[in-house]
Amino acid sequence: MENNLLLKVEELNVEYLLTDYKVDAVKNVSFYVRKGECVALVGESGSGKSTVAMAIMGLLPPYAKISAKEILFDGKDILKADEKFMSEIRGRDVTVIFQDPISYLNPIISVGEQISEALKAHNPKISDKEAQAQAIELLKKVRIADPERVLKMYPFQLSGGMAQRVFIAMAISANPKLLIADEPTTALDLTIQAQILKLLNNLRKEYNLSIILITHDLSLTSYLADRIYVMYNGQIVEEDAAEGIFTNPVHPYTKMLITSSQAIYQGEVKKLKDKIASLTEKEENSKVGQRCNFLGKCKNSAQECEKEPPLIEYDGLKKVRCWKL
Amino acid sequence: MRQTIFSIQDLKKYYLVKTGLFKKAYIKAVDGVNFLIKEGETYCVVGESGSGKTTVTKMLLGLEQPTEGKIEFLGKDLTKILSNGGNAKDFRKNVQAVFQDPFSSLNPRKTVKDILEKPFKVHNAKIEMDTIERLLEEVGLIPPKEFLNRYSHQLSGGQRQRVCIARALALKPKVVILDEPTAALDVTIKAQILNLLIDLKEKYNLTYIIISHELPLLKSIADKISVMYAGKVVEEGPAERIFNEPKHPYTLGLLESIPPPDPKSAKTKTLPTLEGEPPSPVNPPKGCRFHPRCQYRFDLCDKIEPDRIEIGSEHYVLCHLFNRK
């Protein structure tokens, strides 16, 4: 095993057992994150990217059935760990920030108290005064201009961008090793989005923090991500360095994502017309059988696509799940 | 000369809020904006949350009364049209809306067929099954028979938005107002919906008013763009001028904040950001509202509010920089 490996997930499967049927949300997903690296999980809604993150955090609902060969975090298999161990590392070594920070902050507790609470959870000995001082330091780190005033505020008084900064401050309060950012800027405006992306990048450099960036917006990953895993319908369909994904997409779904993003950026959506016209929208997840997930949306499909393709190495650099290489 | 559909002069909307037991303040959501929207045009209003763009839409639809200013629809005062003696029904028939969240704008207890029949019933128009099926075909829900009896929860996000568009088009309106039509959708679906909108516009000679915070998307569809900031239009002009020769520092900052879908580009590596956040609408800064965030500000900017200056054909900007003689 590589020395600077922080997280290694091998053959992760998550099933949601619902009353009358089950949903295979994540199928056979393997990936790794190095120390100080930003890895992006990209996919559309329902592709299973958030479920992967929640499985690592141990935060899935009881009706979710997780199985994996191993989930190694910093050398320990957290799949076999008990709840006590998980609650120790959760919030300290592994933290998460969400899309909608305001709804994850307690509306009736001031920002200062919430940050202190986070600090005390992992260090019960510190006094209120010290916690306060540390909270101010944290708010400065996330570049809030007026920390003393913000500490006394309540979540509803914060703008979306400020709330996300407060949330990030809480997430980094215990010097985590891994930060999972689940659509961290989706609810934010363009200028604030750029600020938050920059902040995350600075924190990564400062703390040698590893980041798992979960997003449906490929353009965000171009700034932050070192490597990208593209997910479709619960599976990884392509993995490569960020540059490889953008300059040489191979899987038909990745190609479509890249051409769509580029066309939107360049204002040439019209040119896409024939390229994605053949694409009907995603079917219900429960119908997936033993065939290629992308079948029916793919122009290039052939006989063998009736069987499920494996994730195979391609060009020595990337891995792709497609028969037609 | 093309017909003027909406002419809006010095439109203002203030909301009264209580800030203390006896204290009151006004939220200046929209503070003096002018628009001239011509037939067949795609007129886009961009801005961050809180800039007042949605309030403008609500006033155009007659859902909010302006505090001051005048809206004229086809040369007639909108308040008169919507008053008792006016022809409100005709206005509603001609001006339709599509909203951001197709999950909450469709009645969950009605089938697609019910939803699409409703406009005809409201306006006592004859319904033929043909019409409904043709509408579904028009928005790309093919084969239509498969969708007629579905409920909205049986549709994906993109399909729901298509139903909303079909409903808006049912009565052959002149104008469709689209409030963040693609914000809730995945990238590939965004591109599809945009292409659908472009096609429908050409086919029916529609006039679109699009409200959005996703500036890059508008590049493919906009004829004219107004950029709003803190209740004011800071720049207005033909789309290609706004994208290629933006003049107002805020427009510049907004365009810079978009990471290009290319990790190698220099802009992605540096990602220039506009610091700070939009001001509170209760107490906007004195002088130019953008001056606290502006890197080009000079002594005039925090004292005097800039006037609307014409700097090119149909290109207006609200900035002192262009008034120095």
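Me: What makes B:Lys219 count as lying over the face of A:Tyr265?

Reply: The model is a predicted one. In it, B:Lys219 is placed 5.9 Å from the ring centre of A:Tyr265. A charge sits over a ring if NZ of Lys is within 6 Å of the ring centre and within 35 degrees of the ring normal, and B:Lys219 therefore counts as lying over the face of A:Tyr265. Another case is A:Lys307, which lies over the face of A:Trp323 at 5.7 Å from the ring centre.

Me: Why is the pair of B:Tyr229 and B:Tyr250 called tilted?

Reply: Over all chains, a search of the whole structure finds 15 aromatic pairs. In the pair of B:Tyr229 and B:Tyr250, the ring centres are 4.5 Å apart and the planes stand at 50°. Rings pair if their centres lie within 6.5 Å, and planes under 30 degrees apart would be stacked, over 60 edge-to-face; the pair is therefore tilted.

Me: What does this pair tie together?

Reply: B:Tyr229 belongs to strand β9 of chain B and B:Tyr250 to helix α11 of chain B, so the pair ties together parts 21 residues apart in sequence.

Me: How do you know whether B:Tyr229 is buried or exposed?

Reply: Buried means under 20% relative accessible area. B:Tyr229 has 2% and therefore counts as buried. B:Tyr250, at 0%, is buried as well.

Me: Why is A:Leu18 called partly exposed?

Reply: Its relative accessible area is 34%, which lies between the limits of 20% and 50%, so the term is partly exposed.

Technical notes: Residues are numbered from 1 along each chain as its sequence is written. Chains are lettered from A and ligands numbered from 1 in the order in which they are written. This is a predicted model: local features need pLDDT of at least 70, side-chain atom pairs count only at pLDDT 80 or more; totals for chains, interfaces and linings use all residues. Side-chain values use heavy atoms; hydrogens and water are left out. Buried means under 20% relative accessible area, exposed over 50%, partly exposed in between (1.4 Å probe, protein chains only). Rings of Phe, Tyr and Trp (its six-membered ring) pair if their centres lie within 6.5 Å; planes under 30 degrees apart count as stacked, over 60 as edge-to-face and the rest as tilted. Helices (H or I, at least four residues) and strands (E, at least two) are DSSP runs, numbered from the N terminus.
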